[in-house]
Amino acid sequence: MFRSTTSGPLGRSNRKRLLASGITLAAAALVVGSLPSGATAAEPDQGLIASYDFAQTSGSTVPNSAQGGAGPAEVVGGSHWTGDSLELTGGAKTDQSANWVRLPDDLLAGAGSATVTIETKLDASMRSDYNFLWSIGSDSPEQSWFASTRDAPRSAITTSGSGGESNARASDPLAADRWYSLTSVIDAEAGTLSFYVDGQRVGETDTALTPGDIADQSMNTIGRSPYPDPLYAGEVATFRVYDRALDADEVAAVSETDAALHADELLAAAQSVADGVGDVTFTEAVRQLPDYDGAVAWSSSDSAITVAGDGRTATAAQPEAGEEPVEATLTATATVRGHAVSREVPVTIRPAVGADTPFGYMMVHFIEDSDGYAEKIYLDVSRGDDPEQWDPLNGGEPILASDLGTTGVRDPYLTYSPETETYYIIATDLRVFGGDSGTSACGDWCHWSSNGSTKLNVWESKDLVTWSDLRQFDVATTADGVTHAELGMAWAPEATWVPDYHGAGDGAFVVYWSSNLYDDAEHTGSTYSRVMWGATTDFTQETYEFGGTLVDQGADAIDTTIIQNEGTTYRITKDNGLGNGIYMESTTAGDWWADGTHWSLLQTEIGASWAGDDPGGVEGPAVFKRHDDDHWYLYVDVIPTTGYRPMQTNDLDAGWTELHSDEFWMAPSTKHGGVVSLTKGQYDHVRSSDAVEAPRTDLGSVEIASSAPDEDVRAALPATAGVTLAYGYGGAELPVDWDLTQLDTSAPGTHEVTGTVRSIGANLNDWVGEGGATEWDAPNRELFSTTALEVTAEVVVAAAPASLRATATTRCVAGSVVLVASVTNDGAEAVDAEVSTPYGEREVAVAAGETQSSAFSARNGSIPAGEATATAGDAAVTAPYDAADCS
C-alpha cells in the first residue's frame with residue numbers, strides 16, 4: 001500500500017520561471033502539491049553577487065541575475081539545454097566537444113566569508129570518478145575552493161595542493177539521477193568550512209583559509225577540474241555565489257526554493273526509493289532498520305514492533321527458541337526534499353537462537369584519512385546476522401593504536417587459534433600520513449617499499465572486547481636473529497590456521513604478506529613485490545619460522561587473501577604489474593603453501609567495475625562465507641578513499657559478481673581488513689560491551705580498614721557500573737577496573753578513586769610522547785584511551801587502631817584509697833585516650849612511646865576489686881586492680 005504526500009515552497013525564482021513558461025501558479029500548485037502550512041524562510045538576497053539560472057533553451061551565455069554582481073557565465077564545448085537545466089555531458093578534459101561552464105574571473109577575489117550553492121543532478125559515473133563539481137581558482141590545482149561528488153561528497157579549500165586541503169565531507173554518498181542542493185560555506189570569523197546537502201549540514205572542518213587566499217582566480221568553473229580529471233557529467237539548474245556566510249536557515253531556504261523546481265521529479269524519486277525498500281527480517285530483538293542513504297524513516301502500528309523516535313531503532317517481541325517465526329508489518333516513509341511516499345513493508349521476526357549458534361560477524365579495518373591520524377584499528381559488527389549491514393563499534397572511533405615502530409597501522413586482519421581459543425589482530429607497520437617519509441632521493445612509497453618496516457603489529461584477545469598490549473615480530477628474521485630474506489617491507493599480512501601443520505593435532509598459522517625481495521642488504525637494484533609466507537603458532541618471534549615465496553608472478557603482487565571450501569583452497573591476490581587487477585586461483589593441494597603447488601586461474605579483474613572499470617582501482621580483498629547458506633562475500637577496497645564495495649557468489653569456482661543492494665551499508669572509507677564469524681554468545685558480548693555512556697559516574701563510598709591490601713579494597717568497591725549501549729540496545733552492567741595506584745590505605749580519611757568501565761572503548765587507541773609530543777618518532781610514547789568511560793568512588797579509610805597498654809594500682813592517701821591508671825602508647829603516633837574508672841573519667845594525650853598516669857580518689861577507706869579502661873578510637877584496653885583497704 002502506498003500513501004503519497006508532497007510539500008515544497010514555490011520560491012521567487014521558481015515563480016518567475018513558471019510564469020515565464022506560461023504556467024499559472026494555480027496549475028503549478030497542482031503539480032507540486034499543497035504548499036506547506038508553516039512559513040518558509042525567504043531565499044536570501046543579501047550578499048548575492050552571482051546567480052545563474054540554467055533554464056534557458058538556447059545560447060551559450062547565461063546572464064547573472066544578481067543586482068550589481070559579476071558578469072555572465074559562458075557554456076564551453078556545446079550547450080545541451082533541457083528547458084529546466086543545462087546537461088553536462090562529461091568526458092575527457094581534452095575532448096573539445098565535452099561541455100563545462102566558465103564563470104567570471106576574480107569572482108571572490110579578496111573575499112573573507114563566502115557561500116557557493118548549486119542545484120545539480122549527477123550521473124552515476126560521478127559517484128566514483130574524480131571530478132570537480134565547481135571550482136574557484138585557476139588551471140593549477142595548487143590553490144582552489146571546490147566541491148566534488150565522488151564517494152562521500154565534500155567541499156575543500158587549499159592553497160598548497162591536495163596535501164593541504166581542508167575538507168568538509170558528508171558521511172554518505174549521493175544517489176545518481178536525482179536533484180540535490182549542495183552548499184559550501186566559509187565563515188572567516190568562525191574559522192570554519194561547512195558543507196550542506198539539501199539544506200542540512202553534513203560536514204564541517206576548521207580552516208583559516210578564505211577565498212581571498214586564492215590569489216589566482218582566472219579559471220572559475222562549473223564541471224571542470226584543474227586536474228586531468230573527467231569533466232562533470234550531470235545536470236545543473238542553478239548556481240549562486242554570496243560574499244558572506246549564509247546561516248543554516250538561509251541555506252535551507254535556498255534548498256527549499258530550488259526543490260520546488262523539480263517537484264514531480266523529487267516525488268518520483270521518493271516513489272522510487274519506496275519501491276526499492278525490501279522486506280525486513282529480525283534475527284534479534286533490536287535492530288537498526290536501513291535508512292537508504294538517509295531517505296527512509298520507519299514507524300509501526302503493529303503491536304509486535306516498536307520504533308524509537310529516531311525512526312530507525314526497532315525493538316521486536318522475539319519468539320523464544322524453538323517457536324515459529326512471527327509475521328508483522330512496518331511503515332517505511334521515503335522522503336526526498338519534502339516529498340514523501342509511504343509503504344507498508346512485510347516483516348519476519350525469527351525466533352531467538354542459542355549462545356553457541358553461529359550468529360553475526362566482526363570486521364577489522366582501518367580508515368584512509370589524509371586530514372588526520374586514522375591509521376589505527378577499527379572494529380565493526382554486523383547488524384544481527386546480516387553480513388550486508390555493518391555498525392561501527394566505539395562510535396566509529398578507533399579501538400587500538402600503535403606506539404611502536406612507525407606508529408601506523410594499515411591492512412589489519414582478524415584470525416583465530418582453535419587450540420588456544422585466542423583471537424589475533426595482525427597488521428602492517430606503516431604510517432603514510434604524518435610518518436617517516438624517507439628522503440628526497442627516495443621518499444614516500446619508494447622509501448616505504450624498499451626500507452620500510454618488516455615487523456607486524458600484533459594484538460590478542462580472548463573475548464574480542466578487551467585486547468592485549470601491542471607487540472611486534474619481524475618476518476624477515478627468526479628467534480635466532482638470523483635474517484632469512486632481504487625484504488623491503490611487510491604489507492597486508494593475513495594468516496590461515498592449518499590444524500596439522502606440525503603433525504596430526506599440532507596446528508599452526510601459515511602467515512603471508514607482501515614484500516619487495518632484494519639481493520643485497522642495501523636493498524638496491526630493480527625488484528618487484530611477491531607474496532611471502534612463514535609459520536607461527538602465536539605470532540611471536542619465538543615460534544615464527546620463515547617459509548619462502550607464496551606468489552611470484554614476475555611482477556608486483558600484493559594483498560593475498562585465502563578461503564577454503566570442501567578441500568579446495570582459493571587464493572585471491574592483487575596484481576599490480578600485469579594488468580589483471582584482483583584475480584582468483586584455486587588448488588586442491590593439502591600443503592597449498594608449498595613451493596611448486598599448482599594453482600588454476602579462475603577469474604581476473606575482480607571488482608574493477610566498482611572503480612570505473614579500472615582493474616588497478618581496487619585492492620585489499622576480504623573474503624568470508626555466510627553462516628546460513630552456501631553464499632560467499634568478497635569485499636574489494638576502492639582506492640584511495642572510497643573503501644569496501646561488495647562482491648558475491650554462490651559458487652566459488654564460477655567467480656564473483658557485484659552485489660548491488662540499496663540495503664547494503666558500511667561506513668565510508670572502511671578499508672582493507674578481514675571478517676570473522678561469531679556465535680550468538682560472542683555477538684551479544686560484543687554488543688553489550690559497546691557502551692556510549694555511564695549515566696551514573698559517582699558509584700558511592702565504601703569503608704575499609706586501615707592498611708587494607710588492594711584485594712580487600714577491590715572486593716569492597718562496586719564490581720560493575722551501569723552503561724547505555726550503542727544503537728538502541730538498552731543498558732548493561734559492565735565490569736569496572738579500579739585504579740588504586742594513588743590510594744594510601746595507611747592514611748585515614750576519605751579518598752577518591754577512579755575506575756575504567758571495561759567497554760570496548762576502554763582499549764588503548766591513542767598515544768602521546770614526552771612533553772605531549774605527537775610526532776611519529778617522539779620519545780617515550782605512552783598509550784592511553786580517548787574513549788574510555790570512567791567512574792569514581794570514595795574509599796573511607798578508618799583510623800588505625802591505637803596500640804595501647806594500661807595498668808592500674810592503688811595506694812593510701814590520708815586514709816583514703818587512690819586509684820592510679822596508667823596508659824602507655826606503643827604506636828608511632830600520638831593518641832587521645834579516655835580513661836574510665838568507677839571513680840571518674842579523664843581524657844589524656846599520650847605521645848608515641850610515652851606513658852600518662854591519672855589518679856582518681858575513691859573518697860573511701862576501702863574499695864572492691866575492679867578494672868580501669870583506656871579507649872582511643874576503636875581501640876580499648878582494660879587494667880584490673882585488686883581490692884584495697886586503707887582504714
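Is aspartate 106 buried, exposed or partly exposed? Select it and see: aspartate 106 is partly exposed, with a relative accessible area of 48%. (Buried means under 20% relative accessible area, exposed over 50%, and partly exposed in between, with a 1.4 Å probe and protein chains only.)

Before moving on, a word about what is on your screen. This is a predicted model, where local features need pLDDT of at least 70 and side-chain atom pairs count only at pLDDT 80 or more, while totals for chains, interfaces and linings use all residues. Residues are numbered from 1 along each chain as its sequence is written, and side-chain values use heavy atoms, with hydrogens and water left out.

**Stop 1: two aspartates**

Stay on aspartate 106, in the loop between strand E6 (100-102) and strand E7 (114-122). (Helices, H or I with at least four residues, and strands, E with at least two, are DSSP runs numbered from the N terminus.) Its phi is near 55°, a positive value in a residue other than glycine. Most residues other than glycine have a negative phi, and most peptide bonds are trans.

Now jump to aspartate 198, where phi is also near 55°. This one sits in the loop between strand E13 (192-197) and strand E14 (200-206). Aspartate 198 is buried, at a relative accessible area of 17%.

**Stop 2: a cis bond**

Select isoleucine 639 and proline 640: the peptide bond joining them is cis, with omega about 5°. Proline 640 belongs to the loop between strand E41 (632-638) and strand E42 (643-649).

**Stop 3: an open sheet**

Next, pick out the strands E3-E4-E6-E15-E8-E9-E10-E11, which in that order make an open sheet of 8 strands with antiparallel pairing. (Two strands pair if DSSP finds at least two bridges between them.) Strand E3 (61-62) and strand E11 (166-169) are at the edges with a single partner strand each, so one side of each has no neighbour in the sheet.

Valine 62 has alanine 73 in E4 as its bridge partner. In the loop between E3 and E4, find glycine 68, which counts as exposed at 84% relative accessibility. Draw a C-alpha to C-alpha distance from glycine 68 to alanine 50: they are 9.0 Å apart in space and 18 residues apart in sequence.

For a contrast, go to serine 135 in strand E8 (residues 134-137). Serine 135 is buried, with a relative accessible area of 1%. Leaving aside neighbours within four places in sequence, its contacts include Trp145, Phe146, Met219 and Arg224. (Contact means heavy atoms within 4.5 Å.)

**Stop 4**

Select strand E55 (residues 831-837): 5 of its 7 residues are buried, so the strand is largely enclosed by the rest of the structure. A hairpin of 2 linking residues joins E55 to E56, and E55 pairs antiparallel with strand E56 (residues 840-846) over 7 bridges. Look for valine 835, whose bridge partner in E56 is arginine 842. E55 is also joined to strand E59 (residues 866-872) by 3 bridges, again antiparallel. There, serine 836 stands opposite threonine 869.

**Last stop: zoom out**

Show the whole chain, with its 7 helices and 61 strands. Along its principal axes, the C-alpha trace spans about 140 × 75 × 65 Å. Of the chain's 887 residues, 52% count as buried.
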